[in-house]
Amino acid sequence: MPRLKRDTLPVLIMALILPAFISAVPVHAQTVEKPEILLRINEVRISNGLAPLAFNPALEKAAQRHSDDMAAKGFVDHTGSDGSAPAERISDAGYAAWPSTKVWAENVYAGNQGFNEALDFFLKDEAQQRNLLNARYREVGIGVAVATNVAGAETVYWTLTFGAQPNVLPIFINDGATLINMPQVAIHLTQEEAVPGGEGSAMGSAIEVRVSSLPEFTDAEWQRWESLIPFNFDETPGLKTVYVQLRDGGGRSTISTASVQYDPTSTPQVAPLGPGAEISPDLPLEATPLFTPTPFASLAPVQTVQPVPAKDGGTAPASAGNVFTPTSIVLIVTPQGTAVFNPTPTLQPTPQARPLVDRPDAVLPDWLLPTYLIAQITVLILGVVGFFKMKRSI
């Protein structure tokens, strides 16, 4: 039997024990990128002839819940680890729904190349693109969470939740600008395309609007609805707010507002509003750096008619033409290239989502490390016993 050298045993022990002390870094959420993500989403929608999307706190709550869940458990799917579906998570977050239908959807993705990678995938996959570029949606929530595996590699888990609720028609000054240097602006209006006929007290498609810098609309006249309406603020620098009342053919109406800082000496930058952000009239009148989130006005409209709260349970039946059941496909891919603003869908078979535990960037399950330690200690004990038996036999 070959003789075991004395300096071999310490090396063997270190080789067996050292890997057991490597552990996964805890999952953490990222929120600072969300205004930049919304900017990218709205750039793509506007380039495809669609209105921008506004942040909605309830949709964001549902999206962040799912991203945190996927990052903590290491999977990519629409079904949560607790068995929840997108509709349940959005409803649980308090997002209002139409009485007869629920207009919402979800996109998910996991990768390590930033949001451009996720956006590229959303634009190339037919079902995901259908959600992102859907004229029926007016609001969005963004969930971002990061998990780091034992090797230090990060995986980012993205969730986008889309929706449209009754009597909520966001408006945008210069497509979401937060700072202007001219009093002449363009107001981008959204339209009720989810339930065009309206329902109950909730309005349908708007046919006319009136625009004013006063909430009483004393200086405004009704005009035909247009997606883009020119408007002039007064020339006094400072906080500017525009009010838009939209009315359908049945006389049902709602009011939406948007605010912006006016500084004639500034260089305007488009910076979307973060969740729950409010504008401050005391903000310094200077250019806002691109992609730097700062407190700005909320785009949540002031409503003249209260939205009808969502019903519990699944989607209720609706009349023909009002039912909308959004769908989304889950893929785990690493797409190449950058986002295309005018994409052509690629109809390719979609692989089923699978857990990430067999991937090199996966988060290890909790039971694996203790099991590994026990196995290594057992091997170590057997090695020591064998060593002393061999030594006595020499």
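By buried I mean under 20% relative accessible area, with exposed over 50% and partly exposed in between, using a 1.4 Å probe and protein chains only. Thr155 sits in strand β5. Gly74 is 81 residues away from Thr155 in sequence, yet the C-alpha to C-alpha distance is 9.3 Å.

Quick housekeeping. This is a predicted model, where local features need pLDDT of at least 70, side-chain atom pairs count only at pLDDT 80 or more, and totals for chains, interfaces and linings use all residues. Residues are numbered from 1 along each chain as its sequence is written, and side-chain values use heavy atoms, with hydrogens and water left out.

Now the overall picture. The protein has seven helices and 13 strands; these are DSSP runs, H or I of at least four residues for helices and E of at least two for strands, numbered from the N terminus. Of the 394 residues, 47% are buried. Taking contacts with a separation of 6 or more, 72% join residues 24 or more positions apart, where contact means heavy atoms within 4.5 Å.

Back to β5, residues 154-163, and its partner β3. These two pair in the antiparallel sense over eight bridges; for two strands to pair, DSSP has to find at least two bridges between them. Within that pairing, Tyr109 stands opposite Trp158 of β5. How much of β3 is covered? Eight of its eight residues, 104-111, are buried. In a regular strand, side chains alternate between the two faces of the sheet. For β3, one side has Trp104, Glu106, Val108 and Ala110, the other has Ala105, Asn107, Tyr109 and Gly111, and all are buried.

Take Phe122: beyond residues up to four places away in sequence, Phe122 touches Asn107, Val108 and Tyr109, and its other contacts include Leu132 and Leu160.

One spot I'd like you to look at is Asp125, in the loop between α5 (115-124) and α6 (126-132). What about a salt bridge for Asp125? There is none, although Asp125 is buried; Arg130, the nearest side chain of opposite charge, is 7.4 Å away. A salt bridge would need a side-chain nitrogen of Lys or Arg within 4 Å of a carboxyl oxygen of Asp or Glu. For charge, Lys and Arg count as positive, Asp and Glu as negative, and His and the chain ends are not counted. A polar atom of the Asp125 side chain does lie 3.0 Å from the backbone nitrogen of Gln128.

Last stop, the open sheet. Its five strands run in the order β7-β13-β12-β9-β10, with mixed pairing. β7 and β10 are at the edges with a single partner strand each, so one side of each has no neighbour in the sheet. Further in, β9 and β12 pair in the antiparallel sense over six bridges, and Ser212 stands opposite Tyr243 in β12.

How values were computed:
A polar contact is a pair of N or O atoms within 3.5 Å; within protein, one must be able to donate a hydrogen and the other to accept it, and residues adjacent in sequence count only if both atoms are side-chain atoms.
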